[in-house]
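Here is my notebook from a first look around this structure.

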Amino acid sequence: MKSMLRILGRYVGSAAGIALILLILNAALFLLWVTGAKQENGNSYRVSVIADGLAKEGEEYTLADSARQAMTARYEWAMLLSDSGEILWSLNLPRELSRTYTIPEVASFTKWYLQDYPVYVWRHQDGLLVVGCPKGSVWKMGMELPQSIMDKTIFWIPIVLAANGLAAVLLALLLGLRLFRSMHTLVKGIEQMAAKQPVQLGTNGVLGELAAALNQTSRELQRQEIALQKREQARTSWIAGISHDIRTPLSMVMGYASQLEDNQELPRPAREQAGIVRQQSQRIKTLVNDLNLASKLEYDMQPLHQEEVLLAPLLRQIAADFLNGGLARPYSLELDVDESARQAKVLGDQELLRRAVYNLIQNSIRHNPQGCAIRIALHQESSRRVISVSDNGKGFDQELLDRLKEEDSLTGMPSHGLGLTLVRQIARVHEGTTEFENLPEGGCRVVINLPPSS
């Protein structure tokens, strides 16, 4: 809503600014027009120039060259009237004009027209000089205003400009409010689409076509969402079904392999091969479980049993399980809990957190067959609890490291990165983050950042 009000404010402000610019521009153009008109009727064409150049020599009148140029440049004809209204001299005088004029006739055309000829007059020493322009060449009008109005012109002009600006702002505001209502409806529709809700907007008004397009888009998104949900549900169900179907025969394979491995009557090479079968079967079982859990976490289908979890005892138990389970000689496991983190707690699913750390340790063992030193560390900061698992082995392949940093789902992730993807998903459902890196001195480290329990 605030963004919509901001848009409305900018719209009204822009309209007011444009109105003000147009007022200033129109005033400037008017002044330029008046100035140009004044220059067009300037000194070089004044009637006084012609009057000064008209002189009597003996019984005849002559027109000086400068006066004749001024005459031919603007005017069509001229005549000099005596005080009694007789024509003393004329130049190009039209035939339809009278040769004598009374005082009322002279008074009638002095400022206006003489038989549709625009005329101008000037006092000459022998009478009244009258010059005429071609018909239709000049538009003459009279204007009278009280002196009190003229005296207040400077006061009224800013008021008129302000009134025009205010009217422009009000009109822009009215149009903006109408646009605002239409856009508000569209914004609500877009917010509903973002929340994956169906949208059905009215298609009347200025933005009716856009509303209709949003309606169509909403229907298409709803259709795609339903199809996607069906597909993902089928995918999750298929993974869960396959996982379930594999467990029974896999358990039988592991059971028989274990019996063969413990059968002292068999030759040693046969018992070792049975042990390999059991270990690889266990690995398959772990991968199937990881795949099933990762699929559920990705689509929010795994229920979380949240409780306050003390991290230090949890990590000690995990380390003890590995050490008591017979960790092979090429591997070593160390736990380092910072003094300040001994009572560190998080709100989460204890079994999922156990699974995440377990997968990281198993990943170090699985990908470093020559052995490595594994270190689990725990410390806390003001806004997070930090669990890290590192080793001094060969580290991550660069391709896998790039995928772990960029990929946001199982799509495109190589199979040997499934356990690490599961770690990232477990951290995400606990509103935490993960960091994957190779260490400069060799080996790798995975850091899990978890928010503290409130």
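I began with strand E3 (residues 77-81) and strand E4 (residues 87-91), which run antiparallel and are joined by 4 bridges. I used DSSP runs, numbered from the N terminus, for helices (H or I, at least four residues) and strands (E, at least two), and strands pair if DSSP finds at least two bridges between them. I looked up Ala78 and found that its bridge partner in E4 is Leu91. E3 and E4 make a hairpin with 5 residues between them, and Gly85 in the turn shows a positive phi of about 95°.

**What I am reading.** This is a predicted model, where local features need pLDDT of at least 70 and side-chain atom pairs count only at pLDDT 80 or more, while totals for chains, interfaces and linings use all residues. Residues are numbered from 1 along each chain as its sequence is written, and side-chain values use heavy atoms, with hydrogens and water left out.

**A salt bridge.** What do the side chains of Asp83 and Arg123 meet in? They meet in a salt bridge, 3.6 Å from N to O. Asp83 lies in the loop between E3 and E4 and Arg123 in strand E6 (residues 117-124), so the pair ties together parts that are 40 residues apart in sequence. I noted 11 salt bridges in the structure (a side-chain nitrogen of Lys or Arg within 4 Å of a carboxyl oxygen of Asp or Glu).

**The sheet.** Next I traced an open sheet of 5 strands in the order E9-E11-E12-E14-E13, with mixed pairing. Its edge strands are E9 (332-337) and E13 (433-438), each pairing on one side only. E9 pairs with E11 (residues 373-381) in the parallel sense over 6 bridges, and Ser332 has Ala373 as its bridge partner in E11.

**Helices.** I found helix H9 (residues 311-324) lying across E9, E11 and strand E12 (384-391), at about 170° to E9. Angles run from 0 to 180 degrees between N-to-C directions, and axes are lines fitted to C-alpha atoms, for helices over the stretch in contact; contact means heavy atoms within 4.5 Å. H9 also packs with helix H10 (residues 350-366) at an angle of about 45°, their axes 10 Å apart. That makes H9 oblique to H10 (under 35 degrees is roughly parallel, over 145 roughly antiparallel, 65 to 115 roughly perpendicular and the rest oblique). Among the residues that meet, I saw Leu314, Ile318 and Phe322 in H9, and Leu353, Val357 and Ile361 in H10.
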